[in-house]
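Please look through the model below with its side chains displayed.

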Amino acid sequence: MSRDYVYDQAFPEERTRLAGIESLWDPGTQALLDELGISRAEGGWHCLEVGAGGGSLLQWMTGRGATVVAIDIDTRFIEPLASDTIEVRRVDIRTDELPRGEFDLVHARLVLEHLPERRQILDRLAAALRPGGWLVIEDYDWTAFGFEGADARLDRVTEAILSFMQRTGFEPHYGRHVVADLAAAGLTEVRGEGRARVIDSRSAGFDFFRLSFESLRGAVVSAGLISPEDANAAAAAFGADIRVITPIMMVGVGRR
């Protein structure tokens with residue numbers, strides 16, 4: 001991940017925020033990787049997990065017989081997971097060297113959408129695959145996102161946060177471009193799919209949205225994109241019993 005990653009990695013509840021991502025999206029990721037054959041590979045896959053975050057997928061992969069190189073610019077949550085089958089490396093994928101022709105699987109989730117150099121990075125990730133290896137990229141398309149019911153203040157806050165994130169190169173609709181970019185990178189058997197959830201404030205994944213707002217709240221107010229009053233109203237709404245329609249998690253799959 002990039003040193004310009006918009007979320008504050010010193011945020012005290014960052015691990016809980018990442019756990020919200022895992023709760024929402026790990027089941028779909030795991031089902032897809034099983035479909036591709038991670039659990040059927042003789043001798044086990046050698047995998048590169050890009051932007052490993054909290055590390056929830058690492059032990060799942062090794063439980064399927066894989067060995068994993070886990071990379072991130074912030075490795076504090078994955079360093080305790082290092083083992084004979086999990087190698088942890090601190091890497092900025094924009095600038096640091098990556099192995100070439102080495103991996104059966106390269107997987108990145110909610111990483112490339114944050115990086116303006118995403119197209120060049122995708123080429124480098126593809127080059128890290130051995131012949132026959134799979135590249136799996138998962139990123140959001142925020143088009144569908146919203147709160148159940150009509151609340152203009154929440155809509156303003158959502159628009160302001162996405163606008164603030166775009167200042168650092170974030171692309172809120174990158175998910176809809178993933179499949180085309182995989183094809184342009186010269187991969188074969190390219191396909192895609194999308195999944196979304198409707199969750200309420202009691203759902204484990206709700207913390208991702210609540211804490212993402214809290215992580216960015218002060219910076220967005222300081223930037224003048226929302227008023228303190230709207231920020232306070234949004235914080236109150238996140239503390240209430242509301243439902244959220246998540247962004248669509250778009251998945252692109254391609255083979256070298």
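Rings of Phe, Tyr and Trp (its six-membered ring) are taken to pair if their centres lie within 6.5 Å, and planes under 30 degrees apart count as stacked, over 60 as edge-to-face and the rest as tilted. This is a predicted model, in which local features need pLDDT of at least 70 and side-chain atom pairs count only at pLDDT 80 or more, while totals for chains, interfaces and linings use all residues. Residues are numbered from 1 along each chain as its sequence is written, and side-chain values use heavy atoms, with hydrogens and water left out.

A search of the whole structure gives 11 aromatic pairs. Phe147 and Phe238 make an edge-to-face pair, with 5.7 Å from centre to centre and 75° between the planes. Because Phe147 belongs to strand 6 (residues 146–147) and Phe238 to helix 7 (residues 228–238), this pair ties together parts that are 91 residues apart in sequence; helices (H or I, at least four residues) and strands (E, at least two) are DSSP runs, numbered from the N terminus. Phe147 is buried at a relative accessible area of 12%, and Phe238 is buried at 8%, where buried means under 20% relative accessible area, exposed over 50% and partly exposed in between (1.4 Å probe, protein chains only). Ring pairs also link both residues into a cluster whose members include Trp25, Tyr140, Trp142 and Phe213.

Glu138 lies in strand 5 (residues 129–141) and is buried, at 0% relative accessibility. Its side chain makes a polar contact of 2.8 Å with that of Thr29, a polar contact being a pair of N or O atoms within 3.5 Å, where within protein one must be able to donate a hydrogen and the other to accept it, and residues adjacent in sequence count only if both atoms are side-chain atoms. Beyond its neighbours within four places in sequence, Glu138 is in contact (heavy atoms within 4.5 Å) with residues including His107, Arg109, Leu110, Arg195 and Met250.

Leu110 itself has a positive phi of about 55° although it is not a glycine. This residue is found in the loop between strand 4 (103–109) and helix 3 (118–127), and Leu110 is buried, with 7% relative accessibility. Glu189, in strand 7 (residues 188–195), likewise has a positive phi, near 50°, in a residue other than glycine, but Glu189 is partly exposed at 47% relative accessible area.
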